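I wanted to see how its parts sit together.

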Amino acid sequence: MSYEEAAAVPVGGLNALRFLRKGNIQSGQKVLINGAGGSIGTIAVQLAKSFDAEVTAVDSTRKLDMLRSIGADQVIDYTQEDFTKNEQRYDLILDVAAYRSIFDYKRALSPKGIYVMVGGSMARIFQAMFLGPWISMTGSKKMGILAAKPNKDLAFLKELLEASKVVPVIDRRYTLSEVPEALRYFGEGHAKGKVVITV
Ligand SMILES: NC(=O)c1ccc[n+]([C@@H]2O[C@H](COP(=O)([O-])OP(=O)(O)OC[C@H]3O[C@@H](n4cnc5c(N)ncnc54)[C@H](OP(=O)(O)O)[C@@H]3O)[C@@H](O)[C@H]2O)c1
């Protein structure tokens, strides 16, 4: 790997792996990743495929071809379709972009499905913090923001990278003197995968 490719892996990759494991990902499951085209999502899609899951990736129109190219079985354009309103049910939803009510996500889960919130609006984060434990206690579905601790996952990711089961997606590369522009672009929140600085 180049230094740029290596730099694009750890933050998104470790978070993706920890949250998929917190969601108890299993082979053959239907997994949906909402916000799949960003830093965490692009690696989460590939990791979920390496766990032999059937992966649906949700993001905006211009990211869908890239998501197909990294292995997503189905893609949904969130600007055109609300995945919580179709008939499909998922065993695991990893949500990097939570902007809907927790009850919409609950409807999209299979009877024993798990919903893991990673990021989104503050209102939705608070809703998952307070209502998630109650929903999890009173039914068969599990929902919430699940804390994940650092461990030796980087070694696991290294093996997947060496086997080309995970390939980092780099949107743009900037030189050190272009850092202000890099931060501006990154701050807009629409990057396709990662933005890297070449030192
Ligand atoms: N819980 C934790 O411990 C933890 C750890 C790390 C990060 N986080 C959180 O994770 C989030 C950042 O993840 P990231 O670095 O992967 O973000 P990112 O690179 O900005 O990716 C977010 C993706 O979501 C898409 N998106 C935006 N609105 C959407 C919608 N309504 N439906 C579906 N997709 C949508 C964006 O696409 P477009 O905008 O281009 O359409 C983008 O591709 C932050 O909220 C951060 O706080 C949480």
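**Entry 1: helix 2 against helix 3**

I looked up the contact first: V11, G12, G13, N15, A16, L17 and L20 in helix 2 meet S39, I40, T42, I43, A44, L47 and A48 in helix 3. Contact here means C-beta atoms, placed from the backbone, within 7 Å. By class, the residues of this contact are 9 nonpolar, 5 polar and no charged. I count Ala, Val, Leu, Ile, Met, Phe, Trp, Tyr, Cys and Pro as nonpolar, Asp, Glu, Lys and Arg as charged, and the others, Gly among them, as polar.

I noted the ground rules. Residues are numbered from 1 along each chain as its sequence is written. The model is predicted: local features need pLDDT of at least 70, side-chain atom pairs count only at pLDDT 80 or more, and totals for chains, interfaces and linings use all residues. Helices (H or I, at least four residues) and strands (E, at least two) are DSSP runs, numbered from the N terminus.

Next came the geometry. The axes of helix 2 (residues 10-22) and helix 3 (residues 39-50) come within 8 Å and cross at roughly 55°. Axes are lines fitted to C-alpha atoms, for helices over the stretch in contact, and angles run from 0 to 180 degrees between N-to-C directions. Helix 2 and helix 3 are therefore oblique to each other. Under 35 degrees counts as roughly parallel, over 145 as roughly antiparallel, 65 to 115 as roughly perpendicular, and the rest as oblique.

**Entry 2: helix 2 against helix 7**

I followed helix 2 to another partner. With helix 7 (residues 153-162) it packs at about 105°, the axes 10 Å apart. The two helices are therefore roughly perpendicular. P10, G13, L14, L17 and R18 in helix 2 meet D153, L154, F156 and L157 in helix 7. I sorted this contact into 6 nonpolar, 1 polar and 2 charged residues.

**Entry 3: the ligand**

Which residues are closest to the ligand? I found G35, G38, S60, A97 and G119, in a shell of 23 residues. A residue is near if its C-beta atom, placed from the backbone, lies within 6 Å. Helix 2, helix 3 and strand 2 (54-59) each supply at least two shell residues. Helix 3 gives the largest share, 3 residues. The shell holds 8 nonpolar, 13 polar and 2 charged residues.

I traced an open sheet of 6 strands, order 3-2-1-4-5-6, with parallel pairing. Strands pair if DSSP finds at least two bridges between them. Strand 3 (74-77) and strand 6 (142-144) are the edges, each pairing on one side only. The twist averages 15° from one strand to the next. Strand 5 (residues 109-117) and strand 6 run parallel, joined by 3 bridges.

Note on methods
Contact = placed C-beta atoms within 7 Å.
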